[in-house]
Structures are given as structure tokens and as C-alpha cells.
Amino acid sequence: MLAAFTGWVIIGRVPAILHTPLMSGSNFVHGIVVVGGLFALLNASTITEQIIGFLAVLLGAGNAAGGYAVTERMLRMFKASGNKDTSSK
Amino acid sequence: MLLNIPQIIIEASELVAAFLFLFGLKRMSSPVTASSGITVAGIGMLVAVLAAFLYIPEVSSSAQPHLAVNIALALIALGLGAGIAWWSGKKVAMTAMPEMVALYNGMGGGAAGAIAAVELFGHGDRGVIPLIVTVLGALIGAVSLSGSLIAWAKLSGIIKKTLRITGQQAFNALVMLITIVLGGYIVTVAHGGDALPQLSLHAAIALFFCFALFFGVLMTLPIGGADMPVVISIYNAFTGLAVGLEGYVLQNPALMVAGMVVGAAGLLLTLLMAKAMNRSVSNVLFSNFGATGDQKEGDIKGSLKPVEASDAGIAMRYASTVIIVPGYGLAVAQAQQKLFEFVKLLQAAGVQVRFAIHPVAGRMPGHMDVLLAEAGVPYDLIFQLEDINEDFASTDVALVIGANDVVNPAARTDKSSPIYGMPILNVDMAHQVYVVKRGEGKGYAGIVNTLFYADNCEMVYGDAQAVLVKMIEAVRSLAGAKH
């Protein structure tokens with residue numbers, strides 16, 4: 001509940017300009033599910049559990065890494081007019 | 001074991017990770033600190049993943065003999081999943097961002113569903129409440145997986161048709177009902193109840209997932225392309241919720257906190273978006289848009305007035321204030337760079353140029369901001385609807401590029417219009433309006449735009465990229481003639 005409230009408060013103050021990175025950022029944050037997948041896989045004792053656990057880690061890792069990659073790319077593009085950086089096109 | 005050192009380290013690092021997530025998200029709330037925010041959250045993720053491996057000496061005795069295989073599997077899955085996603089995330093075009101987010105989001109939902117499946121298959125009775133929570137997490141995760149995949153397919157154009165069958169809602173409700181009944185059955189049987197001879201627990205779990213996945217497909221298929229951003233946002237919240245629920249089952253604080261934060265944040269984001277589009281969330285999910293597009297053509301006064309791109313460009317050169325309203329059409333034409341080049345020319349000539357972004361410009365909220373940022377437009381030139389709307393009345397020229405419904409004054413004046421009440425950018429109040437458009441077609445909502453017929457509005461027909469090139473040339477040759 002506390003966490004839910006915190007999430008609400010944090011997002012409530014974010015300017016609309018950052019909504020897309022925020023969405024992919026929060027998308028990245030729930031990539032933490034990979035940790036749950038790791039627990040499940042390490043504890044697996046049957047083939048079924050191993051297969052599903054493997055899938056869980058695979059998907060979770062994809063969620064986390066992909067979410068991080070796109071969010072970071074987007075956020076790095078935001079620049080104030082003061083510093084004209086030409087490294088990104 | 002009285003003092004369990006690895007356990008303490010794991011729990012401590014998970015709390016640290018959870019804290020880093022919150023801190024990172026908070027930093028993301030301002031463009032100045034945003035890019036450090038994602039780094040902080042990334043560190044949190046690394047800490048949590050590494051800590052999970054400390055768990056190795058703690059696995060249950062039944063899993064002990066499989067440990068080596070399991071560790072190998074875990075490393076392969078981590079490397080493979082992270083590698084592929086990282087590579088695709090670095091490569092994807094900014095315009096394709098919404099479908100990429102949908103895809104990653106579906107993966108997260110799938111992972112949450114898979115964890116629930118392991119819990120249900122592997123462990124017996126854990127009490128009624130954890131069982132219910134597991135099943136609930138499984139349901140939400142599975143719906144989020146298949147729903148996100150459909151959303152991804154629709155956004156990337158693999159599925160183009162919007163499938164609607166009669167009695168869809170009743171059918172969806174039926175599928176949902178079956179899924180819930182199966183979920184209830186699983187909880188009862190796993191809690192020590194007797195399984196029906198026709199339906200073993202494992203079969204019930206498998207069926208349950210099939211129906212949950214099917215429901216996600218059914219729920220997403222009838223939703224039109226314009227509403228997809230809202231849908232992705234909902235699934236984002238769903239995945240967060242599923243992760244949070246599984247975190248509760250696994251008693252993992254990092255999962256619980258992160259999941260709940262994303263769940264709440266996603267919900268709020270969804271509501272914000274729906275409000276910007278003047279639709280309620282249930283309206284997006286359960287009704288079909290565009291059925292009431294009958295507008296009396298006779299209501300429209302005035303005519304369409306075409307103008308040459310070069311003339312419009314020169315007019316802007318001699319204006320003192322210009323506001324540019326970009327829409328998705330700009331991104332389709334890949335003309336952001338050209339636009340910024342034109343803006344720099346105007347600025348060099350002493351024109352005050354600003355960008356006005358409608359909350360739903362682009363294909364997800366804030367998408368247009370990202371696309372402009374990619375072209376190098378500084379974010380302090382970009383203004384949101386509520387910050388700039390009053391300035392249109394004192395602006396010389398408003399330039400609308402590839403946007404349509406979001407500047408339609410009918411939303412303010414015409415009560416019969418389906419978009420009536422939607423917040424719009426008041427470009428019609430500017431002294432002169434130029435609209436860059438490919439043709440005379442209608443926008444997403446399929447409504448005639450009365451702005452185009454207004455006396456102060458002139459149309460520049462053509463591809464946004466080509467039009468901007470002409471404008472740039474016109475302004476350049478003007479400057480050249482003077483010197």
C-alpha cells in the first residue's frame with residue numbers, strides 16, 4: 001500500500017514531456033521480476049519447473065535489459081538549449 | 001540456523017534495490033536529472049540480480065541435485081534474454097518505441113505468469129491467501145503477456161484489421177468467467193480439496209493459463225490503433241501488479257515494492273492519458289470508437305485555401321512569434337531534423353519559436369517529446385498544452401504539421417462531435433495558421449476538421465519532409481538576396 005502510494009505521488013509530479021521515458025522506465029523497473037524467476041529456477045526440482053523457470057528468467061531478463069536500453073537512449077536525448085551537444089544526431 | 005548470513009545479505013540488498021528504484025524513478029520526474037535516474041535504477045537492478053545468486057546455498061533439498069543444471073540454465077537465460085533485448089533496444093527507431101515498450105512489457109508479464117506457474121506446479125499448500133494471490137498474479141501476468149503481444153503486433157502493423165464480432169463482450173465475459181472458475185478450482189484442490197477425476201490439478205493449471213492468455217487476446221483485438229497507447233499503459237500497470245503479487249508470494253521485498261510502484265504509477269498514467277483523449281478507461285476497453293462520425297457537411301463554412309510552402313516559410317520568417325504543433329504525421333515523414341533546421345533558421349532571424357505538444361501527440365503520451373529530443377530540439381522550447389494554450393491568441397503564426405484531431409475546434413464548439421470536450425490546442429486563435437498535410441483526409445477520429453476551413457487558415461499540401469525543405473530554401477534564398 002505504501003509502495004502504491006509512493007508510486008502515485010512520484011508519477012503525479014512528472015511533467016507530460018517525460019511520460020514516454022517514464023512509461024518505459026517503470027516498464028524497466030518491473031523487470032525486477034527476473035529476480036523472482038531466478039529464485040524459482042534455482043529451486044526447480046522437476047523438468048517442468050526447470051523449463052518454466054528458464055522461460056521466466058529469459059523473459060524477465062529481456063524485460064529488464066530492453067527496458068533499460070530504450071529508456072537510457074531516450075533520456076540521453078533530452079538536452080537544454082544551453083549546451084549544444086552534437087554527438088547525438 | 002540462528003544467524004543466517006547469506007539470507008541477511010539477500011534481504012538487505014533487496015531493500016537497497018527497492019530504495020534505488022524509488023530514488024531512480026523520482027529523479028526521472030525532471031528532465032534535468034532524468035538520465036541519472038535510470039542509471040540509479042539500473043544499479044538497483046544489478047544489485048538485486050547478483051544478490052539472487054547468493055541464494056544458491058539455500059535451495060530446498062529436493063532441488064539440491066539439480067543445482068548445477070539450474071545455475072547453468074539461469075546464466076544462459078539471463079545472457080540470452082538480456083543480450084537479445086539489449087541489442088534490439090539499442091537498434092530500434094524512436095518512432096517504433098511504443099511497440100518496443102509493449103513487447104518488453106509483455107515479456108515482464110510472461111515472466112510473472114511463469115513464476116506463478118512454477119509456484120503452482122512445484123509447491124503444494126501454502127495457505128489459501130498465498131494461493132489466491134499466486135493465481136491472481138498468474139491471471140494478470142498471462143493477460144498482460146498475450147495482450148501486450150497483440151498490442152505490439154497491431155502497432156508494428158502485423159495485424160491491421162480491428163476484429164470485432166457480434167456478442168464480443170458476452171463472449172469475453174464468458175472466457176473470463178471460465179478462467180476465474182478454473183482459478184478457484186486450482187486454489188481449492190491445491191489447498192487439499194479433492195480433484196475431480198476428469199480434471200487433475202496440473203491439467204487445470206494448464207487450462208487456466210490457456211484461457212487467461214486467450215482472454216488477453218480477445219480483450220485487445222477489438223481496440224483501435226489510436227487507443228493503443230492507453231492499452232499499453234494499462235498492461236504496464238497490469239504487469240507491475242502481477243510482479244507485486246508474485247513478490248508477495250515469494251516474500252521478496254524488491255519485487256513487492258517495485259511491482260506495486262509500477263502498478264500504481266501505470267494506473268495513474270493511464271488515467272492521465274485517457275483524460276487527455278477525453279475518454280474514460282472503460283470506454284476505451286469496452287466500446288467501439290468512430291461509430292458516430294456522421295457530421296452534417298453543411299455545417300462547415302468557408303473553404304480550403306491552399307498555399308505554396310515557400311510563401312508560408314517566408315511569412316514565418318517575418319513573423320515575430322511562431323508556435324509549431326507537431327503530430328505523428330511529422331514522425332511518419334521522418335521530418336523532425338528538417339523541422340529543427342527550419343526552426344534554427346527562424347531563430348537566427350530573430351523569430352521566437354516554440355513547440356506546443358498535445359498530451360496524445362505521437363503514439364504514446366510524451367512520444368512526440370522524445371521524437372523532437374532525438375532531432376536535437378532542446379526541451380525548454382517544448383511546451384505542454386496547458387502551459388501554452390493561452391499564448392496562441394497573441395501569436396502571429398501557428399504551424400501545424402501532421403496533427404489533426406488535436407487542433408480541431410469542433411472539440412470546443414460542436415456538441416455533436418465525438419471529440420467534443422477533448423482538450424485541444426487553440427491554434428485557430430492565432431493570427432495565421434498554416435497546416436502541413438499530405439491530403440484532405442481526416443484524422444484518427446474520422447471527423448472533418450473545421451479549423452481547415454477557417455478564414456485565418458491556409459493549407460500547405462505535401463509530405464512534411466518535402467514541404468520543410470521548400471520552406472528552408474525559401475528562407476535561405478531570402479537571406480541570400482539581402483546580403
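Predicted model: local features only at pLDDT ≥ 70, side-chain atom pairs only at ≥ 80, totals over all residues.
Contact here means that heavy atoms lie within 4.5 Å of each other.

**Chain A**

Chain A has four helices and zero strands, so that from the N terminus on its elements run α-α-α-α. Of its 89 residues, 69% count as buried, and among the contacts in chain A between residues at least 6 apart in sequence, 62% join residues at least 24 apart.

**Helix H5 of chain B and its two partners**

Helix H5 of chain B spans residues 128-155, and its packing against H6(B) (residues 168-190) and against H7(B) (residues 201-220) is set out in the table.

| Helix pair | Axes come within | Crossing angle |
|---|---|---|
| H5(B) and H6(B) | 10 Å | roughly 150° |
| H5(B) and H7(B) | 7 Å | roughly 40° |

With its axis crossing that of H6(B) at roughly 150°, H5(B) is roughly antiparallel to H6(B), because angles over 145 degrees count as such. H5(B) passes H6(B) in a right-handed crossing. On the H5(B) side this contact is made by B:Val128, B:Leu131, B:Ile132, B:Val135 and B:Leu139, which meet residues of H6(B) including B:Met176, B:Thr179 and B:Gly183. The residues of this contact divide into nine nonpolar, two polar and no charged.

The axes of H5(B) and H7(B) cross at roughly 40°, and that makes H5(B) oblique to H7(B). This crossing, too, is right-handed. Among the residues of H5(B) that take part are B:Val135, B:Leu139, B:Ser146 and B:Lys154, while the residues they and their neighbours meet in H7(B) include B:Phe208, B:Phe209 and B:Thr220. The residues of the contact of H5(B) with H7(B) divide into 14 nonpolar, four polar and one charged.

**Nonpolar cores**

The largest nonpolar core holds 147 residues, and of these A:Ile32 and B:Met471 touch the most other members. Its largest share, 14 residues, comes from helix H4 of chain B, which covers residues 97-122. Leaving aside residues up to four places away in sequence, B:Met471 touches B:Ala309, B:Ala312, B:Gly313, B:Met316, B:Phe342, B:Leu399 and B:Val436. A second, separate core has 23 residues, including B:Phe392, B:Met422, B:Leu451 and B:Phe452.

Notes: Residues numbered from 1 in each chain as written. Chains lettered and ligands numbered in written order. Heavy atoms only, no water. Axes fitted to C-alpha atoms, helices over the stretch in contact; angles between N-to-C directions. Helix = DSSP H or I, 4+ residues; strand = E, 2+ residues; numbered from the N terminus. Parallel < 35°, antiparallel > 145°, perpendicular 65-115°, else oblique. Left-handed = near helix turned anticlockwise from the far one by under 90°. Nonpolar A, V, L, I, M, F, W, Y, C, P; charged D, E, K, R; others polar. Core = buried A, V, L, I, M, F, W, Y, C linked by side-chain atoms within 4.5 Å. Buried < 20%, exposed > 50% of the residue type's maximum accessible area, 1.4 Å probe, protein only.
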